[in-house]
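Here is a friendly walk through one structure, from its sheets to its ligand. Please keep the 3D view open as you read.

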Amino acid sequence: MTSRLFPLFLDLRGRAVLVVGGGEVARRKIAALLDSDAAVQVVARALHPAVQAWVDAGRIAWRARDFADEHLDGAWLVVAATDDRAVNATVAAAAAARHLYINVVDDADLSSAQVPAVIDRSPLQIAISSGGAAPVLARQLRERIEAMLDDTLAPLAALLQRWRERIRTRLPHLPTRRRFLESLQHGAVADRLRQQRPDAAEAELARALDAADTAPRGFVSIVGAGPGDPGLVTLKAQRRLQDADVILHDRLVPRAVLALARRDAELIETGKQAGHHHTAQDAIHALMREHADAGKRVVRLKGGDPFVFGRGGEELEYLRAHGIDYEVVPGITAALACAAHAGVPLTHRDHAQSVRFVTAHCKASLDTLDWQALAQERQTLAVYMGVAGLAALRERLIAHGRAPGTPFALVENGARPDQRIVLGTLADLPARARAHAVQSPALLLLGEVAALAADLHWFGAAPLGAPQAAAPDDGAAMAHAA
Ligand code: SAH
């Protein structure tokens, strides 16, 4: 990943900011600086009339000179806004020599500080940056957010700022306070503000604060994160991630999904190495309880769906046993996501009348399966598994009568940008997985429908072993797909 800019809001009240240049571009920057009550000093030979007016009114200081190094004395920040790139570069170099941040207007290369596109609902401000890569995109985004933001936001923020101490005193417990603050955005306080009745809004706020529930109440949402594509996170799951104080997530949940969480939510990865299942699960239970008891909103975020090979059931039993409130938000399980993104319909009128979700993570789970039933024809198996179990799976299915020519699609990193699909037939399943070094997470789709991936795939890299790309030893797969 390339480095990114560090976002920051500056308090410039009374602080000297040097602006080099006095034209229209400088005028716009100075106007914004004056909005922040900066002590602006302009260096320029000539001034735009509006800038001249600020000088005349004593709002900014002016040196009618060319830029010289000593003009940087005392400055906290520098803005170069001349139309001469050589001058701007000189100023930039001089500022850098003194470790001063400089914004060169419309020149990301020369700038060590960039000015974002801003949506201003002071005291609430939203700043957008594309790191200089796509200012147009940032501006478009700003317009969309502008249109989206309710105009009660600014007065609400101002009201809450005035009431901050009183709210803190009454609701010292952070999650409880947060719940209260969030409840204000929809309700009588916001309604009064919308009616332009600030005094009535303030009275409503006083009433709401009086009536606020001060008792910390923990809550656990067991949430399915889907297969890893943030687009496949449900709206409800996204809201829970936005509301959470603490997120306990599996290792498998990728950053792109965690990025949907509230910025100041505490993220805790719950490691669950194979072989240590029991202790890891106990630790997860203890974490849920600890944070719920502290009155926090806990999201237990699990890959796929929590109730499909996710131990969500055990977690619910634990929460019930300890009297902790909970809910479950389903997610798109790997079988559905992989099938969709491989072009393998799990059922099909011509090929499969039923589908089974099976886990084969270890030998013990293989032994408990009903192989007779699994080996039936015209049925799709969606096997959640470690790749190591493929040979045993093949043996038992064939031993119980599944045809060696039954097609499979093995989907690695399903629904993610690096998805790979390996196609073949049951007879050579372990060999093909090995040949392509298939890694976890991978899901096996086995059954007549799997052959359809060769034609119907649409996402990511072309399937390996599809008929058109088949090597000579792929005869079985070709014959079946045909
Ligand atoms: N609760 C999860 C499953 C947990 S078991 C769900 O509903 O999806 C973990 C197994 O799920 C992995 O070993 C793998 O077989 C499968 N899996 C999860 N994500 C996957 C993905 N993106 N692609 C392929 N298989 C995946």
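## Two residues in loops

Helices and strands here are DSSP runs, numbered from the N terminus; a helix has at least four residues and a strand at least two. With that in hand, and remembering that this is a predicted model, let us start with His71, which lies in the loop between strand S3 (61-63) and strand S4 (77-80). Is His71 buried or exposed? His71 is buried, because its relative accessible area is 2%, and buried means under 20%. Not counting residues up to four places away in sequence, His71 touches Leu18, Val43, Arg63, Arg65 and Asp66.

Gly131 sits in another loop, the one between strand S7 (124-128) and helix H4 (135-148). Gly131 counts as partly exposed, at 37% relative accessibility. Leaving out residues up to four places away in sequence, Gly131 touches Leu5 and Gln114. Ile30 is 101 residues from Gly131 along the chain, and the C-alpha atoms of the two are separated by 22 Å.

## A parallel sheet

Look next for an open sheet of 5 strands with parallel pairing, in the order S10-S9-S11-S8-S12. Strand S10 (266-270) and strand S12 (326-329) stand at the edges; each has a single partner strand, so one side of each is left without a neighbour in the sheet. On average, neighbouring strands of this sheet are turned by 20° against each other, direction ignored.

Strand S9 (residues 246-250) and S10 run parallel and are joined by 5 bridges. Val246 has Glu266 as its bridge partner in S10. Helix H9 (residues 235-243) lies across strand S8 (219-224), S9, strand S11 (297-302) and S12, and runs at about 135° to S12.

S13 runs parallel to strand S14 (residues 379-385), and 7 bridges join the two. In this pair, Ala360 stands opposite Met385 in S14.

## The nonpolar core

The largest nonpolar core has 22 residues, and Leu397, Leu410 and Leu444 have the most contacts inside it. At least two residues of this core come from each of S13, helix H15 (371-374), S14, H16, S15, helix H17 (429-435) and S17.

## Around the ligand

How many residues surround the ligand? There are 19, and the closest are Asp305, Val308, Thr333, Gly414 and Ala442.

Some polar atoms deserve a look too. A polar side-chain atom of Thr333 lies 2.6 Å from an oxygen atom of the ligand. Met385 takes part through its backbone, with an N or O atom 3.1 Å from an oxygen atom of the ligand. A backbone N or O atom of Pro227 lies 3.4 Å from a nitrogen atom of the ligand.

Key:
Residues numbered from 1 in each chain as written. Predicted model: local features only at pLDDT ≥ 70, side-chain atom pairs only at ≥ 80, totals over all residues. Heavy atoms only, no water. Pairing = 2+ DSSP bridges. Core = buried A, V, L, I, M, F, W, Y, C linked by side-chain atoms within 4.5 Å. Buried < 20%, exposed > 50% of the residue type's maximum accessible area, 1.4 Å probe, protein only. Near = heavy atom within 4 Å. Polar contact = N/O pair within 3.5 Å; in protein donor to acceptor, adjacent residues only side chain to side chain. Contact = heavy atoms within 4.5 Å. Axes fitted to C-alpha atoms, helices over the stretch in contact; angles between N-to-C directions.
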